[in-house]
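Please work through the following exercises with the sequence and the structure at hand. Each task is followed by a solution in steps.

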Amino acid sequence: MAEQHRDGHQHSVDEDLAEVFRPELEAAEVLASESPDPAEPVADKKPATTDKDFFHAAGGWGALFDVAVPWLSFLAVYQLSDHNLQLALIVAIGLAAAVAVLRVFRKQPLRNIVGGFIGVLISAYIANKSGRAEDVYVPGLLTNLGYGLVYLITVLIRWPIFGVLYGMITQTGTAWRKDPAMLRGFTLATLVFVGLFGLRLAVQVPLYFAGALNALGIAKVALGPPVYALALWLSYTVLRASMPPEKWDEVRDTVTHLLRGNKK
């Protein structure tokens with residue numbers, strides 16, 4: 001009888017303790033349910049991304065503005081200094097260097113930092129050698145021509161460059177070509193940028209041969225960051241509309257991590 005009383009008393013104490021510590025026990029259960037499986041490799045997982053992450057990784061409006069700074073400064077200094085080409089080139093190079101340093105602090109991918117600065121250097125070298133201010137825009141025209149032709153050819157042979165890059169980045173090879181939605185999406189996105197390069201050439205080439213420096217400079221800036229942002233949005237829209245939601249999430253995650261400079 002005494003033993004039964006002790007057992008009953010012990011059972012009552014255990015129940016009381018369980019009630020006292022119930023919040024802590026429930027919290028522990030929630031944490032345990034949210035913890036990843038120890039056998040599952042966490043390091044290989046990519047964090048999920050959102051549409052906002054995609055545009056932020058692409059550089060955002062701040063990065064687009066950075067692209068225009070050296071060219072706007074070149075045009076302004078050239079006009080205000082009574083056509084002093086060397087001074088205008090020095091100012092443009094200096095601001096391009098400042099933009100590169102700013103991008104380092106922003107921790108942007110190295111290709112964006114080096115590419116922008118090197119592009120300004122090449123343009124300045126060509127203009128300085130020829131002595132013609134409008135020649136500062138020649139590398140940009142040739143770049144648009146080259147990119148436009150390459151992108152167009154990849155579409156014509158049904159190997160759109162965005163799809164090829166996707167297969168290389170994800171190490172899935174040519175699997176995307178077997179998916180009609182992905183093939184259509186990458187083709188349309190590539191065509192958007194073919195249109196971007198073609199528009200730039202159609203506007204700027206006649207201005208270059210006419211020697212219309214001011215109009216050429218304004219056209220370069222206007223058809224640079226703003227139109228690039230529009231092309232990015234259009235390619236993003238056609239890609240998203242061409243794919244089922246789950247497939248789009250996969251593509252967006254991959255492209256976003258690439259733009260951020262992540263390998264994983």
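**Exercise 1.** State how many helices and strands the protein chain has.

*Solution.* Step 3: buried means under 20% relative accessible area, exposed over 50%, and partly exposed in between, with a 1.4 Å probe and protein chains only; 35% of the 264 residues count as buried.

The model is predicted, so local features need pLDDT of at least 70 and side-chain atom pairs count only at pLDDT 80 or more, while totals for chains, interfaces and linings use all residues. Residues are numbered from 1 along each chain as its sequence is written, and side-chain values use heavy atoms, without hydrogens and water.

**Exercise 2.** Determine how the axes of helix H8 and helix H9 cross.

*Solution.* Step 1: axes are lines fitted to C-alpha atoms, for helices over the stretch in contact, and angles run from 0 to 180 degrees between N-to-C directions. Step 2: the axes of H8 (residues 161-170) and H9 (residues 180-209) come within 7 Å and cross at roughly 120°. Step 3: angles under 35 degrees count as roughly parallel, over 145 as roughly antiparallel, 65 to 115 as roughly perpendicular and the rest as oblique; H8 and H9 are therefore oblique to each other. Step 4: contact means heavy atoms within 4.5 Å; H8 contributes Ile161, Phe162, Gly163 and Tyr166, and H9 contributes Met182, Phe186, Ala189, Thr190 and Phe193.

**Exercise 3.** Identify which residues touch the most other members of the largest nonpolar core.

*Solution.* Step 1: a nonpolar core is a set of buried Ala, Val, Leu, Ile, Met, Phe, Trp, Tyr and Cys residues joined through side-chain atoms within 4.5 Å. Step 2: among the 24 residues of this core, the answer is Phe74, Leu89, Val136 and Tyr137. Step 3: helix H4 (60-80) gives the largest share, 6 residues. Step 4: leaving aside residues up to four places away in sequence, Val136 touches Trp71, Phe74, Leu89, Ser123, Ala124 and Ala127.

**Exercise 4.** Decide whether Glu134 is buried or exposed.

*Solution.* Step 1: Glu134 lies in the loop between H6 and H7. Step 2: its relative accessible area is 14%, so Glu134 is buried. Step 3: beyond residues up to four places away in sequence, Glu134 touches Tyr208, Gly211, Leu213 and Leu216.

Key
Helix = DSSP H or I, 4+ residues; strand = E, 2+ residues; numbered from the N terminus.
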